[in-house]
Amino acid sequence: MGLDITVMIADRSWLAQVPPRERIPRLRDAWYADETGLWDHEALTGEEGWTWPQGPNGSLFAVYEFLHTLGSFKAHFWAGQRWERVRGRVDPLLRAELDALLRGLFWDGPDGEAQHTDTAFFGEDGSGVLLARSPESVRELAATWDRALPHLDRMRGPFAEHAAVPDGWVHDFDAFVDLLTQWGHVLTEAVRRGWCVVGLSE
């Protein structure tokens, strides 16, 4: 079995009721609670991949299900790999925007040292934490996405030439953009609510 990822958005004020190092455990405990209904295999997924829990914490967080990934982190990993193969062929402004966006979400960056957790809000990285962004960081990432989105098609040709593969995860430009667009949905909804974004691997 490979690495998985569950992406959630969560109410900042609810998490802030406990010290930073207890915020991820608080979200994890709420997510695992039986009363959420999230562990019912017949639970319905809402519009654009969102699932809202039931129970007392139902208004405090939501889970986003990425299409065509089966909950695997592999799609996100390979999106980062495809980006590394094409980024040198992309104009500098778009490259800077996508570097910032992907480094902030799941890509380790060209030096392999990108940090995906806002430790001032969440404390040091905990076990199974792939991503933990405060509302301030989420706003910055969403603004980066909004700036990059209108220009993505300019990299269709370079992607097809340098990053596309016959099959596998994120094998072509459309799959790459589709995954990023889903991240855009996550960021946009979190910004609209002033919430955090968290990605856990269990």
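## Asp-11 and its surroundings

Apart from neighbours within four places in sequence, Asp-11 makes contact with Leu-60 and Trp-195. The structure described here is a predicted model. Asp-11 lies in the loop that connects strand β1 with helix α1, the latter spanning residues 12-15.

The relative accessible area of Asp-11 is 15%. Because residues under 20% are classed as buried, Asp-11 belongs to the buried group. Val-165 stands 154 residues from Asp-11 along the chain, and the C-alpha atoms of Asp-11 and Val-165 are 39 Å apart.

Strand β3 comprises residues 61-64 and is covered on both faces. Phe-61 and Val-63 are buried on one side, while Ala-62 and Tyr-64 are buried on the other. In a regular strand, side chains alternate between the two faces of the sheet.

Two strands pair with β3. Strand β1, residues 6-10, runs antiparallel to β3 and is joined to it by 4 bridges. Within this pairing, Ala-10 is placed opposite Phe-61 of β3. Strand β2, residues 50-51, also pairs with β3 in the antiparallel sense, over 2 bridges. Here Trp-50 has Tyr-64 of β3 as its bridge partner. Phe-61 and Tyr-64, which face Ala-10 and Trp-50 respectively, are both buried.

## Overall fold

The protein chain contains 8 helices and 5 strands. Read from the N terminus, its elements follow the order β-α-α-β-β-α-α-α-β-α-α-α-β. The radius of gyration is 17 Å, close to the 17 Å given by the globule rule for 202 residues, so the chain is as compact as a globular protein of that length. Along the principal axes, the C-alpha atoms occupy a box of roughly 50 × 35 × 30 Å.

Contacts across the sequence can also be described. Among contacts in the protein chain with a separation of 6 or more, 67% involve residues 24 or more positions apart.

## Burial, surface and charge

Buried residues make up 49% of the 202 residues in the protein chain.

The charged side chains of the protein chain comprise 19 positive and 32 negative ones.

Key:
Residues are numbered from 1 along each chain as its sequence is written. This is a predicted model: local features need pLDDT of at least 70, side-chain atom pairs count only at pLDDT 80 or more; totals for chains, interfaces and linings use all residues. Side-chain values use heavy atoms; hydrogens and water are left out. The radius of gyration is taken over C-alpha atoms; the globule rule is 2.2 Å times the number of residues to the power 0.38. Buried means under 20% relative accessible area, exposed over 50%, partly exposed in between (1.4 Å probe, protein chains only). Contact means heavy atoms within 4.5 Å. Lys and Arg count as positive and Asp and Glu as negative; His and the chain ends are not counted. The place of a charge is taken as NZ of Lys, CZ of Arg, CG of Asp or CD of Glu. Two strands pair if DSSP finds at least two bridges between them.
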